[in-house]
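Here is a short report on one protein chain. Look at the model first, then read on.

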Amino acid sequence: MNDLMAIPCVLMRGGTSKGPFFLARDLPADADQRDKILLSIMGSGHPLQIDGIGGGNPVTSKVAIIGPASVADADVDYLFAQVRVDQQIVDTSPNCGNMLAAVGPFAIEAGLVPVRGETTLVRIHNVNTGKLIEAEVPTPNGSVSYLGEAAIDGVPGRAAPIALTFMDAAGARTGQLFPTGKPVDLIEGVAVTCIDCAMPMILIEAASIGATGFETAAELNADRELLERLEKLRIAAGVRMGLGDVRNQVTPKPVLISRPKTGGDISVRYFMPHQCHPSLATTGAVGIATACISQDTIASLLIGRQAPPVVLSIEHPSGHLDVKLYERDGKVVAGILRTARRLFEGHALAKPVTQLGCAA
């Protein structure tokens, strides 16, 4: 009916994030072609992503690509893409735990995973990191249920609970929990913890860079001097962590931490990395909680080292996020409760590959 490419797509909310979900078979296998199509679909390079379906914010400019599992102990593959809002860059180096919450429901409804009773366990292979995550999806009466009584801070209303279990999340990108070999490093005169657990991050005590750690996300986003200092720390930390030049990558993520204020165990402000997250990334929560149980990190030195099994309540700008840490088969695993919702299904429209500078 027109001269645009129509690609089957489902728009889904996963946790506190939102974005289009695609089947891998519906996108080009070539990464360059795929990424240019995603940039066209999302409308990147404009602050409002006005010529695409992106939401003009990092938490609404995310893409999930789902396909059959490529490893024996998983049900599906999940490739996450962080699509930059302001620049035409697609970054597939990190995982996203919030979008992860919608992978199980999408996979079941796409016919990739059969329903297995009242609750269906979906074993997800995150292609970005090579790690496995288990998702428990409510499937009463033989179909996915999105309606329920679970609530998560940062999302209005209630929905069906989806339990995520991160299996052996340490070393997601670098292969090491502490890529620099130490729980604390001095970078640009600031003591930080460089940690790689579900997501590469640098933990910084807010007071050490002149913040309280209780500012709103909007206040932090308006503080250009603070953002520039965090970017300098992030770039220097990326080199030390073996990630190379990270200026065009979204990892490592800077995280400001402080003592709790509203009844939790620790308070955080998580950056994505150039804006403060309105709540908290699920993968970030796993790494922060792991730092709290690890010896001599910035987090454990601040609040006292915790010991599993333990449930840690992490304060963030929109409320709290709880992480359960416990041992399974001799390894510490992390459990988090999230929700998801199917929002729209149809086709995403992209400019033809010939107009995007791709070979047909």
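In which loop is Asn141 found? Asn141 is found in the loop between β7 (131–138) and β8 (162–167).

## Basis of the model

This is a predicted model: local features need pLDDT of at least 70, side-chain atom pairs count only at pLDDT 80 or more, and totals for chains, interfaces and linings use all residues. Residues are numbered from 1 along each chain as its sequence is written, and side-chain values use heavy atoms, with hydrogens and water left out.

## Overall build

The protein chain has seven helices and 17 strands. Helices (H or I, at least four residues) and strands (E, at least two) are DSSP runs, numbered from the N terminus. Along the principal axes, the C-alpha atoms fill a box of roughly 60 × 45 × 35 Å.

Buried residues make up 55% of the 360 residues. Buried means under 20% relative accessible area, exposed over 50%, and partly exposed in between (1.4 Å probe, protein chains only). Contact means heavy atoms within 4.5 Å. Among contacts between residues at least 6 apart in sequence, 62% join residues at least 24 apart.

Strand β13 (residues 266–270) is mostly covered, with five of its five residues buried. Ile266, Val268 and Tyr270 point one way from β13. Ser267 and Arg269 point the other way. In a regular strand the side chains alternate between the two faces of the sheet.

Two strands pair if DSSP finds at least two bridges between them. Strand β12 (residues 253–258) pairs with β13 in the antiparallel sense over four bridges. Ile257 stands opposite Val268 in β13. Strand β14 (residues 310–316) runs parallel to β13, joined by two bridges. The bridge partner of Ile266 in β14 is Ile314.

## Helix α6

Helix α6 covers residues 282–292 and includes Thr282. Eleven of the eleven residues of α6 are buried. Among them are Gly284, Val286, Ile288 and Cys292.

Thr282 counts as buried because its relative accessibility is 0%. Leaving aside neighbours within four places in sequence, Thr282 is in contact with Gly97, Asn98, Phe166, Ile336 and Arg338.

## Ile187 in β9

Ile187 lies in strand β9 (residues 185–187). At 2% relative accessibility, Ile187 counts as buried. Not counting residues up to four places away in sequence, Ile187 touches Val192, Cys194, Leu233, Ala236, Ala237 and Arg240. Ile187 and Lys232 are 45 residues apart in sequence, but 9.4 Å apart in space, C-alpha to C-alpha.

## Backbone points to check

Two cis peptide bonds come next. One joins Thr251 and Pro252, with omega about 0 degrees. Pro252 sits in the loop between α5 (224–240) and β12. Another runs from Pro308 to Pro309, with omega near 0 degrees. Pro309 is in the loop between α7 (298–303) and β14.

Positive phi is the next topic. Asn141 has a positive phi of about 60 degrees although it is not a glycine. Asn141 counts as exposed, at 77% relative accessibility. Asp168 has a positive phi of about 50 degrees and is not a glycine either. Asp168 is found in the loop between β8 and β9. Asp168 is partly exposed, with a relative accessible area of 33%.
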